[in-house]
Amino acid sequence: MFVPLLIFVSLTDVFGYYLADLTIPQNPHEQSEDIYEKCLSMNKIVYEDSCWDLLTKGPCDEGQWLVLDRVSDKVQLLEPRPLRAKCTRRRCSESDVYWPKDGFCHDEESARRDRLCASSDTVLATDEYGEGYCKCHDGGKVPYVQVVSADDDDGNQSSQPCYPVYSKGACPRNHVLTPHGTR
């Protein structure tokens, strides 16, 4: 004689298990590029396939922080991801800024006293590489930029004046400053 046997199985467990196994993996290159674009859209950088804020400890070891990795212009043009991050030793405390021109750490007061930023409308700031530079101080108003010419051989941006974005500034007649290519 045949005895019917009823077995109850949770379909969600079964389907969840099988669906996980049937997932078709994406092309790793495409997935990587999606992550890169996603991070950039959030003003973050990709490091080990996750989005992180620059100039923070992020995924780095104690005493390190996440900064941009310097690569040559030629390499940047060939790379699918022109911006790369790296963990590096933090040279200064969180309140200080490393000034590459003298190799020392400076706080706001010593930067003013030593006149690291010669222009009165600039303040000491940290760039995305973890080094100090003179940033236009906008006082909470419209953004300001500095005009740095390509033939400025000593690279002394600190003495350049700041101008409001979309103003004439130091531009020739019928031209205005734009934020493209500025810090």
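Predicted model: local features only at pLDDT ≥ 70, side-chain atom pairs only at ≥ 80, totals over all residues.
Of its 183 residues, 23% count as buried. Among the contacts with a separation of 6 or more, 36% are accounted for by residues 24 or more positions apart.

The secondary structure consists of four helices and ten strands. From the N terminus on, these elements follow the order α-α-β-β-β-α-β-β-β-α-β-β-β-β.

Histidine 106 is located in strand S6, which spans residues 104-106. This residue counts as buried because its relative accessibility is 6%, the cut-off for burial being under 20%. Its side chain forms a polar contact with the side chain of serine 110, at 3.4 Å. When neighbours within four places in sequence are left aside, histidine 106 is in contact with Asp96, Val97, Trp99, Ala111, Asp114, Leu116 and Leu124.

Most residues other than glycine have a negative phi. Arginine 115, although not a glycine, has a positive phi of about 50°. Arginine 115 is found in the loop between helix H4 (108-113) and strand S7 (122-126), and with a relative accessible area of 56% it is exposed. Tyrosine 166, likewise a residue other than glycine, has a positive phi near 70°. The position of tyrosine 166 is in the segment after strand S10 (162-164); at 57% relative accessibility, tyrosine 166 counts as exposed, since the cut-off for exposure is over 50%.

Methods
Residues numbered from 1 in each chain as written. Heavy atoms only, no water. Helix = DSSP H or I, 4+ residues; strand = E, 2+ residues; numbered from the N terminus. Buried < 20%, exposed > 50% of the residue type's maximum accessible area, 1.4 Å probe, protein only. Contact = heavy atoms within 4.5 Å. Polar contact = N/O pair within 3.5 Å; in protein donor to acceptor, adjacent residues only side chain to side chain.
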